[in-house]
Amino acid sequence: MNITFITDPLLTTLGSTRPPFLLATELQKNGHNVTLLSLSVSEEVRKTAKEKNIQVKSLGSNFNIIHSYPIVEAWAKSLLKSENMFHLDDLGDNEIVINTSSCIKVKSHLYYAQGPITRALDDMLLEMPARYKYIYRLIAPVLRYLEKKTVRDYAYLSNSVIANSKFCSSMYKELDVEIDGVIPPPLDRTLFKPNTLEPSQDYVLTYFGVYNKETKFAVIKHVADTGVAIKAFGYKASGIPVYIARHPNIQFLGAVSNEELVNLYSNALYVLFTFAHEPFGYIPIESMACGTPVLTYNRQGPSESVINGSTGWLVNSDKELMDLASRIWKDGYPQKMRKNCIKRASLFDVKKISEKWLKLFRELQ
């Protein structure tokens, strides 16, 4: 079977490009011919793809404005050039095309909806720096209008639209896009699995994300103030408040390797996942795959993967989360929860998720 995934800028294999890259790896391993096509591809991704025998193609775009967030620049450009459509003339008639991108308008068999960007910006508004908040409020109505028009074009150009979560599905339905099914992103469980039978459980792990999309720093500070020892990982330290960076109970580790991350997940008492917006959320399923329960909010994507009282705890407010974070730190939890986590994470294994996609592909032939 010949399969092409259209992706957001392939400058990394994280974020929105992670599902197509993992699926491509699994499908290629099982005898299918898979190509990843993107606006731009980094040398690092090219090297990784070559090791896995995956073809990658670039449409030759450059990103000059928002170096750290090329997807935002690509998305913005796609809105401003909403009438332009890419024509993939070099694809064969028997090629199955899956568009996973939020910035490439192209005719495809399936469109994988991973979340409207304006909805993420709306949810992040309260946590944005003042200068960005002011600018976004001015241009938000125009962006929402253009994105609604654009995602409806993506859906029109595809035979079927698949969302990555029920919550994500609801967001697209609000944009008048009909969703035909839900398939969650895949997880590499050959990587994410417990690396110890005796976890230390002497710290809580959290993630420092961008503009508080996956991080509420004030909430984390309050938890640390109660005496909870927190370790945090993340890729950018520039946006971390001083009161977090200098807190005696918070240790920021910066970017960590996959092996280090697995070790951090495996030995944590639990993972604290605060977020403003999360269509699905990889951190909860990574943590569960390593046997560690997750404390997070009872909303959006994480509420679909974490099972309250079994693989973690789902709360309805910041206060409830802060109170429970301290209580779990002091009192612990039944160790059976760690086994529950591993079992739950198995549902997201890339082998199982790729079978769901293959079933759709076969129906197209």
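## Helix α3 and its cover

In this predicted model, helix α3 spans residues 70-80, and its buried residues are Pro70, Glu73, Ala74, Trp75, Ser78 and Leu79; buried denotes under 20% relative accessible area, exposed over 50%, and partly exposed the range in between, with a 1.4 Å probe and protein chains only. Helices (H or I, at least four residues) and strands (E, at least two) are DSSP runs, numbered from the N terminus. The cover over the buried residues of α3 includes α4 (117-124) and α5, where contact is taken as heavy atoms within 4.5 Å.

Residues are numbered from 1 along each chain as its sequence is written. Because the model is predicted, local features need pLDDT of at least 70 and side-chain atom pairs count only at pLDDT 80 or more, while totals for chains, interfaces and linings use all residues, and side-chain values use heavy atoms, with hydrogens and water left out.

## The parallel sheet

Six strands form an open sheet with parallel pairing, in the order β10-β9-β8-β11-β12-β13; two strands pair if DSSP finds at least two bridges between them. At the edges are β10 (250-252) and β13 (312-315), each of which pairs on one side only.

Strand β8 (residues 204-207) pairs with β11 (residues 271-272) in the parallel sense over two bridges, and Thr206 has Leu272 of β11 as its bridge partner. The parallel pairing of β8 with β9 runs over four bridges, with Ile230 in β9 as the bridge partner of Val204. Between β9 and β10 there are three bridges, again in the parallel sense, and here Ile230 stands opposite Ile250 in β10.

## Helices lying across the sheet

Helix α9 (residues 258-267) lies across β8, β9 (230-233) and β11, and runs at about 150 degrees to β9. Helix α12 (residues 318-331) lies across β8, β11, β12 (294-297) and β13, at about 170 degrees to β12. For these angles, axes are lines fitted to C-alpha atoms, for helices over the stretch in contact, and the values run from 0 to 180 degrees between N-to-C directions.

## Salt bridges within helices

The whole structure contains 13 salt bridges, each defined as a side-chain nitrogen of Lys or Arg within 4 Å of a carboxyl oxygen of Asp or Glu. An α-helix has 3.6 residues a turn, so residues three or four places apart point the same way. In helix α1 (residues 18-29), Lys29 and Glu26 lie three residues apart, about one turn of the helix, and they form a salt bridge whose closest N and O atoms are 3.3 Å apart. Lys29 counts as exposed at 57% relative accessibility, whereas Glu26 is buried, with a relative accessible area of 6%.

A network of salt bridges links Lys105, Lys149 and Asp153. In helix α7 (residues 217-225), Asp225 and Lys221 are likewise four residues apart, about one helical turn, and their side chains meet in a salt bridge at 2.8 Å, N to O. Asp225 is partly exposed, with a relative accessible area of 44%, as is Lys221, with 27%.

## Aromatic pairs and charges over rings

There are 14 aromatic pairs in the whole structure; rings of Phe, Tyr and Trp (its six-membered ring) pair if their centres lie within 6.5 Å, and planes under 30 degrees apart count as stacked, over 60 as edge-to-face and the rest as tilted. Trp357 and Phe361 have ring centres 6.2 Å apart and planes at 40 degrees, so this pair is tilted. These two residues lie four residues apart in helix α14 (residues 350-364), about one turn of the helix, and both are buried. Elsewhere, ring pairs link Phe192, Tyr207, Phe233 and Tyr265 into a cluster.

A charge sits over a ring if NZ of Lys or CZ of Arg is within 6 Å of the ring centre and within 35 degrees of the ring normal. The charged end of Arg18 sits over the ring of Tyr282, 3.7 Å from its centre, and Arg299 lies over the face of Tyr297, at 5.0 Å from the ring centre.
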